[in-house]
Amino acid sequence: MYKLICLAFCLILNYNSLFSQKNKTKPKEIVVEKADFQMDETEYDFGVINENGGLSIHEFSIKNTGNAPLIIKNIEPECGCTRTEYTDKPIPPGSVGSIKAVYSPAGRPGGFRKSITVYTNAQKEKFQIFIRGNVAPAKYEFASTFTYQYGFLAINNNTFNFNVLNTKTDSAELLLYNLSNKVIKILKILTPHNIEISGPEFEFRPNTDIALKIKFRPKNVNEFGDLMQEVKLITNDDSLPVKLLYINSHVKEDFSKLSPKELKAAPKFVIDKMEHDFKEIGHKDNLTTDFTITNKGKTDLIIRKITRSCNCVTIDAETMTIKPKEKAKLKVGYTSFSVVGQDFRQLKLITNDPNNNEILLNIRANIVR
């Protein structure tokens, strides 16, 4: 009997132990979230860059492929020739950040390969990316040779001045230098009909130059005085495709082919005064004065052109052709404006008198309130 009681008691204890183990809570699996990353490239080749071509920039992409925010803690370039910019905020899983490498080639001709060390909170806490290239030494002293820069194209001048007789032509050299890392092509040149631009080639590699010739001729034989025209160079330079050039010209009449007899019979320009002073005038006054022109020559005096320095001056010519020994009035109006003090304006007359081809007339006034 005693043995049966002991056996029953053992069975009860064993059952309770089994029941307790069955209902015991299993420990939870702990998942550790970590950032990870992927880069499409870890090295970039700038190719050939110009020593004086300015900063070379490339942006690396870094994608967070982990399950925790990716943090770029710090970046250390190998030398002072390289500086960096990077995404300094946490990059969420699946998002993309950037690391920008900026290389300065100034004073560093020759090949280079520079490392940039990146520190992150990812499994790979430290890694390197690289930039490389070849810095071509500058061919020119840019400050003295190339005075203008349009995008990645440097030029020796953007304004050309021509002084030419109406029967002649003139020319100038346009020097262009490629500051970029790719071939630059001049795709099209838009010029007025009286201006030509020519050259042996219209494309050039990095760190090379080309010379083009600008040829100017007057618009026509009867076009005199000052003229400003515009030329457009259409290029494949993405930073600034259209390069503007300005052509200023001053055309004078060619009297060299006149015979002694023709010169003796030429018109003779005479005027009663070269200047008129309105003295003290009020604010926004309208006044006029007359200049009297006399032709003391033996053939017709032709006023070919009249220009003015300001719209505040008006011109009314009685006639533009004055017969020998005749006179004509030139009525000049002046409107004062909202300034106080001395004002000075000019008129330019262009005639067919070989000895008085261009005449300047002065207008003065003292504007008071």
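This is a predicted model: local features need pLDDT of at least 70, side-chain atom pairs count only at pLDDT 80 or more; totals for chains, interfaces and linings use all residues.

Colleague: What does Lys243 form with Asp237?

Modeller: Lys243 and Asp237 form a salt bridge, with 2.7 Å between the closest N and O atoms. The term requires a side-chain nitrogen of Lys or Arg within 4 Å of a carboxyl oxygen of Asp or Glu.

Colleague: How many salt bridges does that rule give?

Modeller: The count is 15 salt bridges. One of them joins the side chains of Asp238 and Lys182, at 3.4 Å from N to O. That pair links distant parts of the chain, 56 residues apart. Asp238 lies in the loop between strand 17 (225-235) and strand 18 (242-252), and Lys182 lies in the loop between strand 12 (170-178) and strand 13 (184-190). Strands here are DSSP runs of E with at least two residues, numbered from the N terminus.

Colleague: Is Asp238 buried or exposed?

Modeller: Asp238 counts as exposed because its relative accessibility is 65%. Lys182 has a relative accessible area of 36%, so Lys182 is partly exposed.

Colleague: Which residue meets Lys323 in a salt bridge?

Modeller: The partner of Lys323 is Asp300, and the N to O distance is 3.3 Å. These two also link distant parts of the chain, 23 residues apart. Lys323 is in the loop between strand 24 (321-322) and strand 25 (327-335), and Asp300 is in the loop between strand 21 (286-295) and strand 22 (301-308). Lys323 is partly exposed at 42% relative accessibility, and Asp300 is partly exposed at 28%.

Colleague: Which residues do salt bridges with shared partners join into one network?

Modeller: That network consists of Glu43, Asp45, Arg113 and Arg132.

Colleague: Let us change topic to Leu233. Where is Leu233 placed?

Modeller: Leu233 belongs to strand 17. Leu233 counts as buried because its relative accessibility is 0%. Setting aside neighbours within four places in sequence, Leu233 is in contact with several residues, among them Leu174, Leu176, Ile189, Ile197 and Lys243; contact means heavy atoms within 4.5 Å. Leu187 is 46 residues from Leu233 in sequence, and their C-alpha atoms are 7.7 Å apart.

Colleague: Now the sheets. What is the order of the open sheet of 5 strands?

Modeller: The order is 9-10-12-16-14, and the pairing is antiparallel. Two strands pair if DSSP finds at least two bridges between them. Strand 9 (148-150) and strand 14 (195-198) are the edge strands, each pairing on one side only. On average, neighbouring strands of this sheet are turned by 25° against each other, direction ignored; the axes are lines fitted to C-alpha atoms, and angles run from 0 to 180 degrees between N-to-C directions.

Colleague: How many bridges join strand 12 to strand 16?

Modeller: There are 8 bridges between these antiparallel strands, strand 16 being residues 209-216. Ser171 is opposite Lys215 of strand 16.

Colleague: And strand 3, which residues make up its covered face?

Modeller: In strand 3 (residues 56-64), the covered face holds Ser56, His58, Phe60, Ile62 and Asn64. The uncovered face holds Ile57, Glu59, Ser61 and Lys63. In a regular strand, side chains alternate between the two faces of the sheet.

Colleague: Which residue of strand 6 stands opposite His58?

Modeller: His58 stands opposite Ala101. Strand 3 and strand 6 (residues 96-103) run antiparallel and are joined by 8 bridges. Strand 1 (residues 37-38) is joined to strand 3 by 2 bridges, also antiparallel, and Gln38 has Lys63 as its bridge partner.

Colleague: Finally, how many disulfides are counted?

Modeller: The count is 2 disulfides, a disulfide being a pair of cysteine sulfur atoms within 2.5 Å. Cys79 and Cys81 have their sulfur atoms 2.1 Å apart, and for Cys310 and Cys312 the separation is 2.5 Å. Cys79 is partly exposed at 25%, whereas Cys81 is buried at 3%. Cys310 is buried at 17%, and Cys312 is buried at 9%.

Notes
Residues are numbered from 1 along each chain as its sequence is written. Side-chain values use heavy atoms; hydrogens and water are left out. Helices (H or I, at least four residues) and strands (E, at least two) are DSSP runs, numbered from the N terminus. Buried means under 20% relative accessible area, exposed over 50%, partly exposed in between (1.4 Å probe, protein chains only).
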